[in-house]
Amino acid sequence: MNPLTIIAILELINKAIKIGGEILPIALRAYAALKAESGMSDEQLIAEAKKLNDEDAAKLKALIAETAS
Amino acid sequence: MFNSQIHKSTLAVLIMLSLLACGAGKLRQARKAAHRIQVVTDAAVDTTTTLYHDGVIDKEYTNKIAHILLKVNDGNRVLINKAEAATADTPGVRADLLAQLRVVESAVKELKDAGVLGIKSKNGSLAFESAINALDSSIAIIQAALSGGK
C-alpha cells in the first residue's frame, strides 16, 4: 500500500475515533482493504474494484432517492 | 507548529519513497490506483450516509454530495475498465489512463468545492475531509507514476 494513502486513511481513522459510532468501522474496513491490496493479483484487484463500484452505485442511487426533495 | 514541521518532513520523505516505488509495473500501478480510489470512494459513500442518518448533515447537502460521489464512482468505473483492458505500457495507454484520471480528479475537485460547510459537526467535517484527502493522494500518486519514465 502506498505510504501517502496509509497516512490519509490513518488520518480518517484518527478522526473516526473522535467521532466514534459507525465511522470508525468504515475507516478500519477501508484500511484493511488497502492493506490487502499488495497480496492481490491484477485480476483480483479489478474484480474487487468492480464489485465495490457496483455496490457504491446502488448505495448512492438509494441515498439520492432518499434525500430527493 | 513543531508537530506540523515533523508532519511535513515525514510527508516529504514518504512522497519520495512512494515515487521510487512506482518505478515498476505501470499497469499494475494503474490497477492498484483504480482499486484504491474505489475503496476510498466506498468509505466516503458510507461516511456520507452515516453522517446523514446521524443528523450531522442535512438532506439537501447529502443529496448534493451523493450526486458528486456518483460522478466520482462513474468516472472510476471507466478507469477500472481501461486499466483492465490495457495490455501493454505504451505512451497511448498512459495518455488514455491519465485522461480518465483527470475526469475522476475533476469530480473530486467538485467534491472539495462543495466544501464541508454543510457539515455542522467539526469532527464530521474532518472525517469527510480526510476521505477527500485520501482520494486526492491516490490520484496524485498514480498521475506521478504514469507521467514518469519506465
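Biologist: Hello! How do the axes of H3(A) and H3(B) cross, and is the pair roughly parallel or roughly antiparallel?
Modeller: Welcome! In this predicted model, the axes of H3(A) and H3(B) come within 9 Å and cross at roughly 160 degrees. Angles over 145 degrees count as roughly antiparallel. The crossing angle therefore makes H3(A), relative to H3(B), roughly antiparallel.

Biologist: Is that crossing left-handed or right-handed, and how many nonpolar residues does the contact have?
Modeller: The crossing of H3(A) and H3(B) is left-handed. Sorted by class, their contact includes 5 charged and 7 polar residues, and the nonpolar ones number 11.

Biologist: Which helices of chain B do the buried residues of H3(A) pack against?
Modeller: Let us begin with the residues themselves: the buried ones in H3(A) include A:Leu45, A:Leu52, A:Asp56 and A:Leu63. The partners of the buried residues of H3(A) are in chain B, namely helix H2 (26–53) and helix H3 (59–85).

Biologist: How far apart are the end C-alpha atoms of helix H3 of chain A, and what span should its residues give?
Modeller: Helix H3 of chain A covers residues 42–67, which is 26 residues. At 1.5 Å a residue, they should span 38 Å. The expected span agrees with the distance between the end C-alpha atoms, which is 37 Å.

Biologist: Now to H2(B): how many of its residues are buried?
Modeller: H2(B) has 28 residues and reaches 40 Å from its first C-alpha to its last, close to the 40 Å expected. This helix is largely enclosed by the rest of the structure, because its buried residues number 25 of the 28.

Biologist: Which residue with a positive phi follows H2(B)?
Modeller: The phi of this residue is near 75 degrees. The residue that follows H2(B) is B:Gly55.

Biologist: Is B:Gly25 exposed or partly exposed?
Modeller: B:Gly25 sits in the loop between helix H1 (2–21) and H2 of chain B. A residue counts as buried with 20 or more other C-beta atoms within 10 Å, and as exposed with 12 or fewer. B:Gly25 has 13 such atoms within 10 Å, so it is partly exposed.

Biologist: What pattern does chain B follow along its sequence, and what share of its residues count as buried?
Modeller: Chain B has 5 helices and 0 strands. Its pattern, read along the sequence, is α-α-α-α-α. Of its 150 residues, the share that count as buried is 44%.

Note on methods. Residues numbered from 1 in each chain as written. Chains lettered and ligands numbered in written order. Predicted model: local features only at pLDDT ≥ 70, side-chain atom pairs only at ≥ 80, totals over all residues. Helix = DSSP H or I, 4+ residues; strand = E, 2+ residues; numbered from the N terminus. Expected span 1.5 Å × (residues − 1). Contact = placed C-beta atoms within 7 Å. Axes fitted to C-alpha atoms, helices over the stretch in contact; angles between N-to-C directions. Parallel < 35°, antiparallel > 145°, perpendicular 65-115°, else oblique. Left-handed = near helix turned anticlockwise from the far one by under 90°. Nonpolar A, V, L, I, M, F, W, Y, C, P; charged D, E, K, R; others polar.
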